[in-house]
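Colleague: I should be grateful for a close look at one part of this model, followed by an account of what surrounds it. Please keep to what can be read from the coordinates.

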Amino acid sequence: MRYINYVITRLWPAALLVVMFSFEADAQRRDFLTQNEIEIIRNTQDIDERILVLTRMADRRLHVLGINVNGWKDAGKASEVWGEMPKGTRADLLSDIRRILQKAVDDIDNLAANPSAAPIRDKGDKKAKKDPERLGIALRELAAAAARYQGPLKDQLDLAENNAERGAISGSLQLCDEITEAAARLRSESKKPGS
């Protein structure tokens, strides 16, 4: 009995610390999309439309941060579809923007690697005519957003208050550069004779 009491009195504080740290770790995990935004992504399978909603999600966070990127005019409005405005610290929202841009790049890369994965629209759908061009449309849309983001994000880099903010902004700027380069390659390839 003494041994059990000894173990309980010695291990109880350690067990309490483990539980406290596990709750703290859970509290630090945060999704970069709101629940409404997750539903919007889930319901938007066409790559051109998906990139449009992803850039709107980035525009919303930039609006919350007070950064004007001349983007989506309704970025500052909560709605039934979009839900409440995104919340978080400045570092959280800047990180969200980087992760949204990364998701957009990944979605385009995944479709480029596996074009047969694209949903096929019905022949009667007016948008079906543009199906072969969807990837290019998506990349151009993302490149336009990246061009809008670059200047304001560079300005924010000078205002960053800590390494988390600087890292998120630098990551976003690097993605914007990659997106712009990819769009430039697409334009030059489409201008080549025989294309």
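How many residues does helix 5 have, and how far does the helix reach from its first C-alpha to its last?

Modeller: This is a predicted model, in which local features need pLDDT of at least 70 and side-chain atom pairs count only at pLDDT 80 or more, while totals for chains, interfaces and linings use all residues. Residues are numbered from 1 along each chain as its sequence is written, and side-chain values use heavy atoms, with hydrogens and water left out.

Helix 5 has 26 residues and reaches 37 Å from its first C-alpha to its last. That is close to the 38 Å expected at 1.5 Å a residue, where the expected span is 1.5 Å times one less than the number of residues. Helices here are DSSP runs of H or I with at least four residues, strands are runs of E with at least two, and both are numbered from the N terminus. At Gln 150, helix 5 bends by about 35 degrees, and the proline Pro 152 follows within four residues; the bend at a residue is the angle between axes fitted to the seven residues ending there and the seven starting there.

Two residues of helix 5 may be examined in turn. Ala 144 lies in helix 5 and counts as partly exposed, because its relative accessibility is 43%. Ala 144 and Gly 71 are 73 residues apart in sequence, yet their C-alpha atoms are 9.8 Å apart in space.

Leu 159 is found in helix 5, which covers residues 134–159. Its relative accessibility is 53%, so Leu 159 counts as exposed. Apart from residues up to four places away in sequence, Leu 159 touches Arg 90 and Glu 165, a contact being heavy atoms within 4.5 Å. Glu 165 belongs to helix 6 (residues 163–191) and counts as buried, because its relative accessibility is 3%. When neighbours within four places in sequence are left aside, the contacts of Glu 165 are Arg 90, Ala 91, Leu 94, Leu 159 and Ala 160.

Helix 6 also supplies Arg 187, which counts as partly exposed because its relative accessibility is 42%. The C-alpha atoms of Arg 187 and Gly 136 are separated by 9.1 Å, although the two residues are 51 residues apart along the chain.

The 24 residues of helix 4 (residues 90–113) should span 34 Å at 1.5 Å a residue, and its end C-alpha atoms are 35 Å apart, which agrees. Its buried residues include Ala 91, Leu 94, Ile 97, Ile 100 and Leu 111. Helix 3 (47–64), helix 5 and helix 6 are among the elements that cover the buried residues of helix 4.

Helix 3 has 18 residues and reaches 26 Å from its first C-alpha to its last, close to the 26 Å expected. Helix 3 is mostly covered, with 13 of its 18 residues buried. The axes of helix 3 and helix 4 come within 9 Å and cross at roughly 170 degrees. That makes helix 3 roughly antiparallel to helix 4. Axes are lines fitted to C-alpha atoms, for helices over the stretch in contact, and angles run from 0 to 180 degrees between N-to-C directions; angles under 35 degrees count as roughly parallel, over 145 as roughly antiparallel, 65 to 115 as roughly perpendicular and the rest as oblique. On the helix 3 side, the residues that meet helix 4 include Ile 51, Leu 54 and Leu 62.

Gly 66, with a positive phi near 80 degrees, follows helix 3. Asn 70, in the loop between helix 3 and helix 4, has a positive phi of about 50 degrees although it is not a glycine. Most residues other than glycine have a negative phi. Asn 70 is exposed, with a relative accessible area of 64%. Trp 72 and Trp 82, by contrast, are both buried.

For the chain as a whole, there are six helices and zero strands. Buried residues make up 36% of its 195 residues.

How values were computed: Buried means under 20% relative accessible area, exposed over 50%, partly exposed in between (1.4 Å probe, protein chains only).
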